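Colleague: I am new to reading protein models. Could you take me through this one?

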Amino acid sequence: MKLATLKQGGRDGTLVVVSRDLSVYREVPAIARTLQAALDDWDSIEPQLRQIYEALNSGALEGQPFDQAACASPLPRAYQWADGSAYINHVELVRKARNSEVPASFYSDPLMYQGGSDDFIGPRDKVVANKDWGIDFEAEVTVVTGDVKMGATAQEAANAIRLVMLVNDVSLRGLIPAELAKGFGFFQSKPASAFSPVAVTPDELGEAWHDAKVHLPLVVHLNQQLFGKPNAGVDMTFNFGQLVAHVAKTRNLGAGAIIGSGTVSNKQGSLHGSSIKNGGVGYCCLAEVRTYETIEQGQPATPFMDHGDTVRVEMFDAAGNNIFGTIENTVDTSPFTA
């Protein structure tokens, strides 16, 4: 099943059911006005939404043309947004560039930070930031949970996953070092993220969803050039069950909690062989290619994003169909220029 939120009807938007091919949608005010309302009573509401979904796909129910640009993030705000770093290759590269070893605990205990969740930008909204802050994108997979009790096992946590989404987790790399030096984590360096137009139930992914991972390439374009296509199911040290259980170790999670994978990253050797043009699978953030450059050339050469730069994030099924719709964010630095 595929669900989206239109930018209408208040700050939490209007929940709609979207056809599998993303061509049409149907509002469902009699069932649930918002996605959060649906998640709060999922066991009762999910079957009703699924009936609408099946009717849309079969043609038994008419829908209106679906415009991804009219969408907010599926949850325009959320009670919880916690992002992990499940792809240890990404951490290893960053540490190597700093001549620092990866602590042994990183391979058994996930890294996690709590992001701002009171205001997400839409999948086609602008990223407004100062160029001097080092604007970067991070393409990731995320899940949305139902209620998860404190101390849940990884399997119990996996069973509580209701939806899967993509995210552009915007990072301001120039602000990160000073924040981390304080020993208290990210804050200003992590502005509002943008999630995919559509959230899908795990069963919609078919065989690509197993072991609580999405086994498909995450496709990233930067300024219309293919930048990365690493497989989200490869080199993922911690699956989503483990990530959700990590968050729930000392607290209950409420329905609608969003848990991220961290930047998708595949092991692929050297800078020369890792880029798309050299036959590699590329990258899901600028920091990673800059890290390769630092390791092999002594300093980074690829710049961070500037005014007008656009990142596009998508995932396609085995038949080439766009699963989640398209995140496409353009950088706007104009409020910070004279």
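Modeller: The side chain of Glu-314 reaches the side chain of Thr-326 in a polar contact of 2.7 Å. A polar contact is a pair of N or O atoms within 3.5 Å; within protein, one must be able to donate a hydrogen and the other to accept it, and residues adjacent in sequence count only if both atoms are side-chain atoms. This is a predicted model, where local features need pLDDT of at least 70, side-chain atom pairs count only at pLDDT 80 or more, and totals for chains, interfaces and linings use all residues. Residues are numbered from 1 along each chain as its sequence is written, and side-chain values use heavy atoms, with hydrogens and water left out.

Colleague: Is Glu-314 buried or exposed?

Modeller: Buried means under 20% relative accessible area, exposed over 50%, partly exposed in between (1.4 Å probe, protein chains only). Leaving aside neighbours within four places in sequence, Glu-314 has contacts (heavy atoms within 4.5 Å) that include Leu-166, Pro-217 and His-221. Its relative accessibility is 8%, so Glu-314 counts as buried.

Colleague: What is the volume of the largest pocket?

Modeller: On a 1 Å grid over the protein atoms alone, a pocket is an open set of points with protein on both sides within 12 Å along at least five of seven lines; a cavity is a set where a 1.4 Å probe fits but cannot get out, and lining residues have an atom within 4 Å of a point. Grid points are joined across faces, edges and corners, and a volume is the space filled by probe spheres set on the points. For the largest pocket, that is about 990 Å³.

Colleague: Which element gives the most to the lining of the largest pocket?

Modeller: Of its 31 lining residues, the closest to the centre are Val-94, Arg-98, Arg-173, Leu-180 and Phe-186. Elements that give two or more residues include H3 and H8. With five residues, the most comes from H3.

Colleague: Which helix is among what covers the buried residues of H3?

Modeller: In H3 (residues 88-97), the buried residues are Ile-88, Asn-89, His-90, Val-91, Leu-93 and Arg-95. Their cover includes helix H8 (286-297).

Colleague: Where does the largest share of the lining of the largest cavity come from?

Modeller: The search finds one cavity of 30 Å³ or more. About 40 Å³ of space lies in the largest cavity. The largest share of its lining, three residues, comes from S21.

Conventions
Helices (H or I, at least four residues) and strands (E, at least two) are DSSP runs, numbered from the N terminus.
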